Amino acid sequence: MDKEYYSRYSPVDGANDDDDGAKLLDSTETRLPSTSRFLHLWPWLSYSVLMSTTMLFFMLWVQAPSIDDLVPYSPANEAIESIGIIRLNGSFGATSIYRGTPNPELEAAWEAISIDAGAVRIMPDELLRSGEKPSPSMVRYPDEYGGGYMATITAIHMLHCTNILRRASRGDYYRSSDYSLHGSPEIWRTNLDHCIEMLRQNIMCRGDVSMVTYDWVEDDELPTPNFDVPHQCRNFEKILDWVEENRVILPQSKMVRSEDTIDLLSPP
């Protein structure tokens, strides 16, 4: 039998010949027991629960931010645009507008990306969202120039520091102008050490794990690294555009302390 049936009453031998037995049979109720019905539906219930749980976790996974999305707030976040995997050419002999013997074109190229640390504006509410608190020592723009606090983009400052190291590597060409700009060789040396430390921290913070492979090169005794490596990149031109659109051009004469300014006793 395909299905097992149960009766509230079971027929008794010989009862079929009795009227009372017939009545008993007629009143017999045939049905699936509750336990059997549950077992019959269990596979479908299990499947439904499994599918619902899977869909829930899938939706949570889709909505969860990726590691690259977890960035501190900055008003410049709107300029962040991934351009995917880009192969950067860092080979020893590669040509670039940012390397070579000092000349006006080289200086212009570095000026365009470092913009003297490119001062922009950050408003009080944006400052709070970025994790900082307004302080009486912070540099504020005059109200006639839009108010807000003086700030700069970290990447721009990193490039500013890189440019300082580049200039230091060409000491004979830049030394006199850099010394005069920073006041003394000692202050210049301190600035160099600052830039080296900032670059170290930034590089270690970002932790680029792109692989650099090595090749054997004719007449070279040691393996040569291949710096022509793919990296995950952002559209830096878009960031530069944002900085340019938000730059605050302020005459030096207007860059003065407010009446309620309280100077720090030492640099932060």
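Predicted model: local features only at pLDDT ≥ 70, side-chain atom pairs only at ≥ 80, totals over all residues.

Trainee: Understood. How many helices and strands are there in the protein chain?

Mentor: The chain holds eight helices and eight strands.

Trainee: And what share of the residues is buried?

Mentor: Of the 268 residues in the protein chain, 21% are buried. The accessible surface comes to about 20600 Å², and carbon and sulfur atoms contribute 58% of that area.

Trainee: Let us turn to the helices. At what angle do α5 and α8 pack?

Mentor: Helix α5, residues 154-169, and helix α8, residues 236-246, pack at about 100 degrees, and their axes are 10 Å apart. The two helices are therefore roughly perpendicular to each other. On the α5 side the contact is made by Ala155, Ile156 and Leu159, and on the α8 side by Phe236, Leu240 and Val243.

Trainee: How do the axes of α3 and α5 cross?

Mentor: Helix α3 covers residues 104-114, and its axis comes within 8 Å of the α5 axis, crossing at roughly 155 degrees. That angle makes α3 roughly antiparallel to α5.

Trainee: Which residues meet there?

Mentor: From α3 they are Leu106, Glu107, Trp110, Ile113 and Ser114. From α5 they are Ile156, Leu159, His160, Thr162, Asn163, Arg166 and Arg167. Ile156 and Leu159 of α5 also take part in the contact with α8.

Trainee: Glu107 and Arg167 are both on that list. How do their side chains meet?

Mentor: They form a salt bridge, with a nitrogen-to-oxygen distance of 3.5 Å. Because Arg167 lies in α5 and Glu107 in α3, the pair ties together parts that are 60 residues apart in sequence.

Trainee: Is Arg167 buried or exposed?

Mentor: Arg167 is buried, as its relative accessible area is 17% and the limit for that class is under 20%. Glu107, at 23% relative accessibility, counts as partly exposed.

Trainee: How many salt bridges are there in total?

Mentor: The count comes to eight. One of them joins Arg257 and Asp263, with the closest N and O atoms 3.0 Å apart. Arg257 counts as exposed at 63% relative accessibility, whereas Asp263 is partly exposed at 45%. Elsewhere, salt bridges with shared partners join Glu107, Arg166 and Arg167 into one network.

Trainee: What about Arg189 and Asp193, which lie in helix α7?

Mentor: Their side chains also meet in a salt bridge, at 2.9 Å from N to O. Helix α7 covers residues 185-206, and the two are separated by about one helical turn because they are four residues apart in that helix. Both partners are partly exposed: Arg189 has a relative accessible area of 41%, and Asp193 has 40%.

Trainee: A change of topic: which residues form the nonpolar patch on the surface?

Mentor: The patch consists of Phe92, Val212, Tyr214 and Phe227, and together they have about 420 Å² of accessible area. Phe227 is placed in the loop between β7 (224-226) and β8 (228-234). With 33% relative accessibility, Phe227 counts as partly exposed.

Trainee: Where does Asp219 lie, and what is its phi?

Mentor: Asp219 is in the loop between β6 (213-215) and β7. Its phi is near 75 degrees, a positive value in a residue other than glycine. Most residues other than glycine have a negative phi. Asp219 counts as exposed, at 73% relative accessibility.

Trainee: Finally, where is Ile83 found, and what is it in contact with?

Mentor: Ile83 belongs to strand β3, residues 82-89. Neighbours within four places in sequence aside, Ile83 is in contact with Cys233, Arg234 and Asn235. The C-alpha atoms of Ile83 and Arg234 are separated by 5.3 Å, although these residues are 151 apart along the chain. Ile83 is partly exposed, with a relative accessible area of 40%.

Note on methods:
Residues numbered from 1 in each chain as written. Heavy atoms only, no water. Patch = residues over 30% accessible without salt bridge, like charges linked within 9 Å, V, L, I, M, F, W, Y side chains within 5 Å. Areas by Shrake-Rupley, 256 points an atom, 1.4 Å probe, with all protein chains shown as cover. Salt bridge = Lys/Arg side-chain N within 4 Å of Asp/Glu carboxyl O. Buried < 20%, exposed > 50% of the residue type's maximum accessible area, 1.4 Å probe, protein only. Axes fitted to C-alpha atoms, helices over the stretch in contact; angles between N-to-C directions. Parallel < 35°, antiparallel > 145°, perpendicular 65-115°, else oblique. Contact = heavy atoms within 4.5 Å.
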